Amino acid sequence: MSVENKEFKPTIVAFCCNWCSYAGADLAGSGRMQYPADVKIIRVPCSCRVNPMFILRAFQRGADGVILCGCHPGDCHYSTGNYYTRRRMTMLFDFLDYLGIERGRTRVEWVSAAEGARFASVMNDFVKKVRDLGPNRKITDLRCKPVEKEGE
Amino acid sequence: MQKVAEIAQKRAIQLLNQGAVNRVLGWKKGEFPYDETPAVFASADELKDFVYDSFSSPNLSKYLIEESRKEGKVLAFLKPCDTYSFNQLIKEHRVNRENVYIIGIECGGMIDVVTLKNRGAVGLTGADDDGENITAHTLYGDVKVRKEEVLLEKCQACKGKKHVIYDELIIVNPQDEKPRDRFAGVEAIEAMTPQERFDFWRAQLSKCIRCNACRNICPACSCLQCVFDNPKSGVASKASPDTFEEQLYHIIRAFHVAGRCTDCGECSRVCPQDIPLHLLNRKFIKDMSAFYGEYKAGEDSETRPPLVDFSKDDVEPCIISDKGGDR
Amino acid sequence: MQKIGVFICWCGSNIAATVDVKKVAEAALREPGVVFSADYQYMCSESGQRLMKDTIKEKGLTGVVVCSCSPRMHEATFRKAAESCGLNPYMVEIANIREHCSWIHKDIEEATEKAVILMRAAVAKVNLNQSLTAGKSDVVKRALVIGGGIAGIQTALDIAEAGYEVDIVEKKPTIGGKMAELDKTFPTLDCSACILTPKMVDAAAHEKIKIYAYSEVEKVSGFVGNFTATIRKKARYVNENLCTGCGLCTEKCPSRKAPNEFNEGLNTRSAIYIPFAQAVPKLAVIDPAACIHFKTGKCGLCEKTCDAKAIDYNQKDELIERRYGAIVVATGFNVIKLDNFEEYGYAANPDVITSLELERLMNAAGPTGGTLLRPSDKTHPKKIVFVQCVGSRGQRPCDKPYCSKICCMYTAKHSMLIREKYPDTEVYVFYIDVRTPGKNFEEFYRRAVEQYGVHYIKGQVGKVAENEGKLRVYGSDLLLNEQVVIDADLVVLAAAIEPDESAKKIATMLTTSIDTNNFLTEAHPKLRPVESATAGIFLSGVCQGPKDIPETVAQASAAAVKVVGLLAKDQITCNPCVARSDELLCNGCSACEKVCPYGAISYMDKEVNDHGKREVRRLAYVNEAVCQGCGACTVACPSGAMDLKGFTNKQIMAEVDAICR
Amino acid sequence: MKYSYYPGCTLKTKAKDLDLYARKCAEALGAELEEVDEWQCCGGVYTTAQDEIATKLSSVRALTCARDRGQALVTVCSACHNVIKRVNNDMAESEYVRTRVNNYMQPENPYKGETKVIHYLEFLRDEVGFDNIKKAVVNPVKRRIAAYYGCLLLRPGSVMAMDNPENPKILENFITAIGGTPVVSPYRNECCGAYLTLTDSAAPEKRSGLIVDSCEKKGAEMIITACPLCLYNLKKNGGDKLPIVYFTEILAEALGIK
Amino acid sequence: MTDLQKQIENIKRISGANPEKCMRCGKCTAACPNYSEMEYHPHQFVYFIENGQLDRLLKSDSAFRCMTCFACVERCPRDVKPAKLIEAVRLTLIRRKDSNYLKPDEIPQKIDEDLPQQAIVSAFRKYTK
């Protein structure tokens, strides 16, 4: 398993809010702080723009992990956006967990525009966790009939 | 029960004759005596077909979206749990309260026909309900079972016998509030390992034939046009079974009704594949109350649903991973 | 189908050293809609931009993707360039292959692969982009200033001088605020009233300024450029058109027991009163809680005394509705209540006072006529202890976590003034830190120590106990590591300041945010310090954070400039990336309205034609001038009716698909 | 109304008056104090270290008994009150203490701080009501009385929550209710020297002297207190300047049952 | 970690107090009623523990002079809880072998007829393990 995981290159989608986290990612770049190329960032105005559908869509299209980054609670550029994000994602993640989908594949992190180093370390950590989980199958398999025992 | 139906019928005729209402929304018998369907009655004559008994399970609230927008006033009979759905629709401005006259009607629990049949009542022609027992009449004679054993799932987990909104009440036999554990089913799944949970849901959800019955019956799924039916949404794609829509339909639907679902249980009742869909919705209900304070959708028509509300010291999403488990 | 051009920037070696730009350019041509691709050394340079513009014209491009540095750097540059040659600026998207790619990866193959994916996502988005046009809305050329202290007065004067109408709404019967109560000001020791009252008179006399004193803002609706405020003008029971401010009624009034607010309750005033001699407007006002006529129906002496016939016991509150283009909040501060700091004995001993009370005790217009006397026995205090940081910098629920900023300086001022006037009085100051950043501030404080012999003790006071007419002060001297006990005649507490209680209500009314201490939050702590996060709402003075008079005046003028900048426009351009509701999909459920932080969404009943079916529906309507484009509503909307222009559901999902492909 | 009652060991020996009159007065005011079964000494002081578990057990025993009876627990002695109320707070707030104590004691129902602990003064103020006491008074105590709170009733304010710890009013209001005139000394909430009296008598001498002096200078004719140790320290070091009595005794006098 | 550092960590843990929150205002010492009997004062307890100079506190008997009246805790604007730190130092001292501050045989000569039990049990709890 571990040998296989080293070669496994996960696809990771990171949604970053324009004001804090995207700027934090820029800062990580300016500071030449390394994190794996597996992470691809999508810019959104605010973390509250991220519809759970986007996250599910990513998984369905083959993402192995989805991370959502926003301003720290209380610092939202739009005052209250990330508070809604926090509730929505808490609900969504617990629901996915309830369906038996690995909870390590989803995460919310608050990263300010000043936290370049934190952005990099968050990404490093998240990629490592997702690599350990291996490729994402469950969410796409959720509605497929399990293969019959005899068939195996 | 018989008596309640008679009173209801009489009252409906009275209100119609007085001109206080123009139409009556109730139940009438379908093809078989046990598959009752919602019906609109426009006259005393038509009301002859009105029925109300232990098979009157359909929740009439959703029909009021259409009915309350028509000319004149409609009388609707709502069971206690149906009134929650109606209140929630008021909160969402989907019904015109002024055009509806609500009679809260007593409910002693509705019968699950499938269970009843499985108990030997094959060739069902009707049933009597004395509150404790059901005497099912069949082509092959009577079958007597304890009512508690043949209740619909939604009635086994009854939210309560109180009507949360009404203009008048018809209660002949006051019902005792029995303590019901609505969340036992959810807790049982939570107690499983992630792999067991996945296997459980995969076994259930793979049965789905996408007939949309759950969506069509759901009072919360009352969108004029569902995202799954709207080509512009980027979600709908009807052709392939491995599309986004197909694979994630139930998750998206559960999320869309989260905070709005009153747990009326209609989705599970109508599912032809017997998928326990209520267990999806109840998970959200349980979580929201646990994280953001007790909330019952439809209990009133003002309180903000948890997902359009927040508090500055809400739990962080990482609480999910902090709860422990395998990973 | 779009015709998209993809431009890959080398950024010198910043990108090109790690990303194989040629390969990205080749890959771009394989993407749907892409008709042209090129790589170039510096896309942001004059020639780089020219390349882009020429290609747009030559190839008739409908969309552009620039793979370069962060959009936070040059998105505006490239959009402007596109606009200059007729392409809608919102048809340009940036793929960030520098900060998010070349700078963080070392392996060329890996970085190139990622750059291709980022390019692909941007192309996928541009394929769905639509031209966006910013909306415009009219500007009402009048400003509202809430609060008539020095901050509000200065803001109003500056706006009026620029030629715009401005209204001041002040809840007290007179403008002037806290500065009117002060005796002298630091660090120059000039008389507060002498510099403030001329400004009050200027404001009252200015033809562009209208003062609503004894009034409160009750409701505000609308948005930047077009607010409507409802102002409650409280009943004075005195006709302001007739009252001459002669003050005869106040002399005749038999009810004289009401605490005098202007003197911090150190003496009393009559039931009908004029707050102070230089009050603006100088009009009498009846305090119905103290007035005998209001309590018993008898008396009526003031009415008999008034030759102008100005007394009107039947006067009612008046509601006034006015429209404004901009609103400035200048609600100021108060000294905290000291209920939870009774170790200092404030409630138990009249000779334990706050610094603001000391201002009145030293002021010529104050209750003692400017002679410093103890409130208890009216004798000269010979030993005075000042306690700093009372309620500031603490972490208990009753404390304020912040530094109140002005106390170090006014205490130096007080101690200096006392030593100057009463050289036989000893002055002790217990301090935790002395903070004097400010022009001439440190010099001022040192003068108190060196020239005036004020005893500064590094430590705090733990208990004040009355003992035979003296106040026994138990303090610590941390440089000696000792407890010190001083028998003082007067103890002066530098109580923390907090935003006026109205700030919270007003912030809610204006849908702008406040912090945990109820200070209003600025749009950006460094770069937009006088604007609130809500467009058209500006901040002036202590309502935004503790500050002294010069800072307050500076911020007041800055806020005025921002207001003038807004009012100078006939119309304002709005951010085009705003929410939009699809009429045919909207259920009218109000979920979007509930999550909107700006109150940009309203509902209206409108007839729609849904595939031939005509009916009246309740529909969400987004005010594009108010919407800031956060997108909270798009997720709250269950039917998918609400979408965000520039970041539509389909666009974001296309990006997701491109990345996960 | 019935209340569980925790007298404490000092009230059974050196401070019998405090106990006796507390019971008598409660009865006169229509309340019943039922002594907690098999109570043990609270230990006299609360040890603040969180790893001190054994010292909390006796309090939990009394608290559990009251909980099982479904009654509030009334205390009289300031020291007992301080210990029991703070332990109760630990049991409610501190997971660490709660699990260890419950593991050790293995009660039928784990104790989670459910019991409401009220001092006799709070019982008078919140349960009986000072207004009702005023009505029940037959011999108004027409004296100038200084209330001495000490530290234990008031601090830490966040846990004890009896009154404003820097500006308490409860004893003053009590004095007014029984017909006396309260005299306020600034030292009424400063320590008397407490248990240091055993090892280091200098401290209580100075502290108690200061307190009694201050009351005298303020014109008090007597001092009342709720704590046996305060009473001892003030008496021993106060130079017989003023009579010092328990508040329950003066209450009994006012109610005419002494 | 040295023994001293371990002891300091333990003191911080069992006291639940955080000396780093101190802003050096000295209000604890200003409020201390037993100031004159102590070699080290409450603010010094806080400062020494923060700076690793616990040994100085352990060599002094100041910890036994604290009356635990909580005036310092109540009045500390930063919620540092000096009395809890002092108590933790005291426990560190008496939890050592043979180091009870008060020995049972010392008691008889210290008590008089009126001394309440409370004083004795309290002193035992404070001065012995």
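## Contact between chains A and B

In this predicted model, the contact takes 37 residues from chain A and 38 residues from chain B, two residues being in contact if their C-beta atoms, placed from the backbone, lie within 7 Å. On the chain A side, α3 (52-60), α4 (81-98) and α6 (138-141) each supply at least two residues, and the largest share, 14 residues, comes from α4(A); helices here are DSSP runs (H or I, at least four residues), numbered from the N terminus.

That side of chain A divides into 18 nonpolar, seven polar and 12 charged residues, where Ala, Val, Leu, Ile, Met, Phe, Trp, Tyr, Cys and Pro count as nonpolar, Asp, Glu, Lys and Arg as charged, and the others, Gly among them, as polar.

## Domains of chain D

Chain D is assigned domain 1 (2-120) and domain 2 (137-255), with bounds that come from an automatic or database domain assignment. The centres of the two domains, taken over C-alpha atoms, are separated by 23 Å.

Their contact takes 22 residues from domain 1 of chain D and 17 residues from domain 2 of chain D. On the domain 1 side, α2 (16-28) and α4 (78-93) of chain D are the elements that give two or more residues, and by class this side has 11 nonpolar, six polar and five charged residues.

## Numbering and confidence

Residues are numbered from 1 along each chain as its sequence is written, while chains are lettered from A and ligands numbered from 1 in the order in which they are written. Since the model is predicted, local features need pLDDT of at least 70 and side-chain atom pairs count only at pLDDT 80 or more, whereas totals for chains, interfaces and linings use all residues.
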